[in-house]
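I opened these notebook entries to record what I looked up in one structure. The entries follow the order in which I consulted the model.

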Amino acid sequence: MKNINNILEKNSDEMELVHSFQDACSNKEFYKFITTLPIEEKVLIKYTSSLEDAFIEHKNCKNCKGIGCCKNSVTGYCYTPEKEKNIIKFSYVACKWKEKDLKENAYKENLELFDMPKEIKEASLKEVYTDDKSRVPIIRYFKEFIDKYNKKEEPKGLYLTGSFGSGKTYLVAALLNEMARKKVCCALVYYPEFLRSLKSSFQTDYNERFNFIKTSPILLLDDIGAENESNWSRDEVLGPILQYRMQNHLPTFFTSNLTLEELETALSITSSGVDKVKARRIIERIKQLTIPMELIGKNRRS
Ligand code: ADP
Ligand code: MG
């Protein structure tokens, strides 16, 4: 008796599946959608509800104008059935908008930020203000830089000085983003904060962080001179980083509110006293690594 009941129950479950499949197929569009799958009806029947979900998502995609209008359960992805042997597997496949987005943002993988705002990855040479004459020689230098880098001519970076908010960081970041599009790895480091975090990483990943910055194919040390100087930061951090980069011809950029002369003074005075020789040595290295330029402009910070 128990066996008969089981068989009856099983049959009624199967009948229910058949009915809901037939119901769904009364929608001609759904029927057309599932017939694109090269699989027998008796298999399809088992997946009616998931196939309906996938059908709705594919329909959403057909009329979609962009990722901002996505109606699907996972934004930018479409729930998609695929035949695998004699079963159906469902997965979320990136839509054409998501694919485009992923492609356009792939360069960001080549950018390593250290305490920099992540919006800096959006800075673009195309967006650089041209209303300001002091940008012209810098942009010209950037073009030269790209050209020389492509020809493996080991171009120098910039020591870009200028007033607060004039757009120094934005400009250099725009160039480095462009280099990242050319598949060159770049590190953008907010130097004062990097020093603080490096100091607190003695017990952990100090060497890893230090070496990463030291050896990065292109490096920006942003806002140098705004840190609290110590013998350690000048002689054990900055000095060796610059020395290595000089020896290996690795392009290095600096932005600063200080001129090189002012930076030299700032570097000479530490909490342990005054050391003009060591400060001079750092400045000499910066001079070897860069071309000095100035960005004069109004404060663009809102
Ligand atoms: P600085 O480093 O000289 O202090 P920033 O590069 O931080 O100045 O620029 C100040 C502000 O102006 C930032 O919010 C930055 O995003 C914006 N900015 C500067 N240049 C541009 C530009 N070309 N296009 C859009 N925003 C810019
Ligand atoms: Mg800045």
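I began with a definition: a nonpolar core is a set of buried Ala, Val, Leu, Ile, Met, Phe, Trp, Tyr and Cys residues joined through side-chain atoms within 4.5 Å. Buried means under 20% relative accessible area, exposed over 50% and partly exposed in between, with a 1.4 Å probe and protein chains only.

I noted that this is a predicted model, in which local features need pLDDT of at least 70 and side-chain atom pairs count only at pLDDT 80 or more, while totals for chains, interfaces and linings use all residues. Residues are numbered from 1 along each chain as its sequence is written, chains are lettered from A and ligands numbered from 1 in the order in which they are written, and side-chain values use heavy atoms, without hydrogens and water.

**Entry 1: cores.** I looked up the largest nonpolar core and found 29 residues, of which I138, L175, L176, M179, L188, I218 and F253 touch the most other members. Two or more residues each come from α6 (136–150), β4 (157–162), α7 (168–181), β5 (186–190), β6 (218–222) and β10 (290–295). Helix α7 gives the most, namely eight residues. I recorded that helices (H or I, at least four residues) and strands (E, at least two) are DSSP runs numbered from the N terminus. Another core, of 28 residues, lies apart from the largest one and has Y159, Y191, L195 and L242 among its members.

**Entry 2: I138.** Contact means heavy atoms within 4.5 Å. Leaving aside neighbours within four places in sequence, I found I138 in contact with L158, L160, L171, M293, E294 and L295.

**Entry 3: I120.** I located I120 in the loop between β3 (111–114) and α6. Is I120 buried or exposed? I120 has a relative accessible area of 11% and is therefore buried. Not counting residues up to four places away in sequence, I120 touches L113, T169, Y170, A173, N177 and L188.

Entry 4: Strands pair if DSSP finds at least two bridges between them. I found β1 (residues 77–84) and β2 (residues 87–94) running antiparallel, joined by eight bridges. Y79 has Y92 of β2 as its bridge partner. Two residues lie between the strands of this hairpin, where K85 takes a positive phi near 55 degrees.

**Entry 5: helix packing.** I looked up α8 (residues 191–199) against α10 (residues 231–247): they pack at an angle of about 95 degrees, with axes 12 Å apart. The contact is made by Y191, L195, L198 and K199 of α8 with W232, S233, V237 and L238 of α10. Axes are lines fitted to C-alpha atoms, for helices over the stretch in contact, with angles from 0 to 180 degrees between N-to-C directions.
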